Amino acid sequence: MKYIVKQTGQKGLGIYASQKIAAYEVIAKVDYAREVTPDQPLHEGESYDHQMYLPDGRVFLVAEPICYFNHSCGSNAFLYSADQQYYIISKHTIPADKEITIDYELSAVNGDTWECKCGSKNCRGLHTWDFFSLPKRIILESLPYLDPWFAQVHGNRIKHVLNQ
Ligand SMILES: [Zn+2]
């Protein structure tokens, strides 16, 4: 196992590297606790933030401990899906004991206003939870880390940004 679950301080539980992780390693496969449906909505104690949206419209609740990967505006890992299986992959070398984070905004559109407290030096602070509301520079930097289905579904909007 390349990671352990620990208290972060302010953000609750988080995932930390248990060893040095090289760039572009598969850190974890995302497992689901269950599907969330109108008949089986979220129960008390289950978090909206721990849901994963599949291209076919199904929504799943991410299982522990994978649900404890926190967001950061300066993330060191990203999500990638192939054949509906999600993976968490390192963007660059992650030293042992460093928190492993992903940028939740890379798969968000039309989200609520959110005050991020990730602590990254490039933290976006108070902003709308929507990939396309990000500054163009951040959108371009993030393109290699977009999930393939998000890039496909929102291809028109990405093209619009590229043509600006
Ligand atoms: Zn932030």
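**Confidence**

- The mean pLDDT of the chain is 93, and 100% of the residues score at least 70; pLDDT is the predictor's confidence in each residue, from 0 to 100.
- Confidence is highest in strand β3 (residues 26-29), with a mean of 97, and lowest in strand β5 (residues 51-53), with a mean of 84.
- Where pLDDT is low, predicted coordinates should not be read in detail.

**Overall architecture**

- The chain contains three helices and twelve strands; these are DSSP runs numbered from the N terminus, helices being H or I of at least four residues and strands E of at least two.
- The chain is as compact as a globular protein of its length, because its radius of gyration of 16 Å is close to the 15 Å that the globule rule gives for 164 residues. The radius is taken over C-alpha atoms, and the rule is 2.2 Å times the number of residues to the power 0.38.
- The C-alpha trace spans about 45 × 40 × 30 Å along its principal axes.
- Of the 164 residues in the chain, 20% are buried.
- Among contacts between residues at least 6 apart in sequence, 62% join residues at least 24 apart; a contact requires C-beta atoms, placed from the backbone, to lie within 7 Å.

- Strands β1 (residues 3-7) and β2 (residues 13-17) run antiparallel and are joined by five bridges; two strands pair if DSSP finds at least two bridges between them.
- Within this pairing, Ile4 stands opposite Tyr16 of β2.
- Five residues lie between the two strands of the hairpin, and Gly9 in the turn has a positive phi of about 110°.

**Sheet β4-β6-β5**

- These three strands form an open sheet in the order β4-β6-β5, with antiparallel pairing.
- Its edge strands, each pairing on one side only, are β4 (32-36) and β5.
- Neighbouring strands of this sheet are turned by 35° against each other on average, direction ignored; the axes are lines fitted to C-alpha atoms, for helices over the stretch in contact, and angles run from 0 to 180 degrees between N-to-C directions.
- β5 and β6 run antiparallel and are joined by three bridges, with Gln51 opposite Leu61 in β6.

**Sheet β3-β9-β8**

- A three-strand open sheet has the order β3-β9-β8 and antiparallel pairing.
- β3 and β8 (77-82) are the edge strands, each of which pairs on one side only.
- From one strand to the next, the twist averages 30°.
- Six bridges pair β8 with β9 in the antiparallel sense, and Ser81 stands opposite Tyr86 in β9.

**Ile89 in strand β9**

- Ile89 belongs to strand β9 (residues 85-90).
- Ile89 counts as partly exposed because it has 17 C-beta neighbours inside 10 Å.
- Leaving out residues up to four places away in sequence, Ile89 touches Tyr24, Glu25, Val26, Ile27, Ala77, Phe78 and Tyr80.
- The C-alpha atoms of Ile89 and Ile102 are separated by 9.3 Å, the two residues being 13 residues apart along the chain.

**Backbone geometry in the loops**

- Most residues other than glycine have a negative phi, and most peptide bonds are trans.
- Tyr24, in the loop between β2 and β3, has a positive phi near 60° without being a glycine.
- Asp97 is not a glycine either, yet its phi is positive at about 75°; this residue is found in the loop between β9 and β10 (101-102).
- Asp97 is exposed, because 12 other C-beta atoms lie within 10 Å.
- The peptide bond from Glu64 to Pro65 is cis, with omega near 0°, and Pro65 is placed in the loop between β6 (59-62) and β7 (70-71).

Terms used:
Residues are numbered from 1 along each chain as its sequence is written. This is a predicted model: local features need pLDDT of at least 70, side-chain atom pairs count only at pLDDT 80 or more; totals for chains, interfaces and linings use all residues. Two residues are in contact if their C-beta atoms, placed from the backbone, lie within 7 Å.
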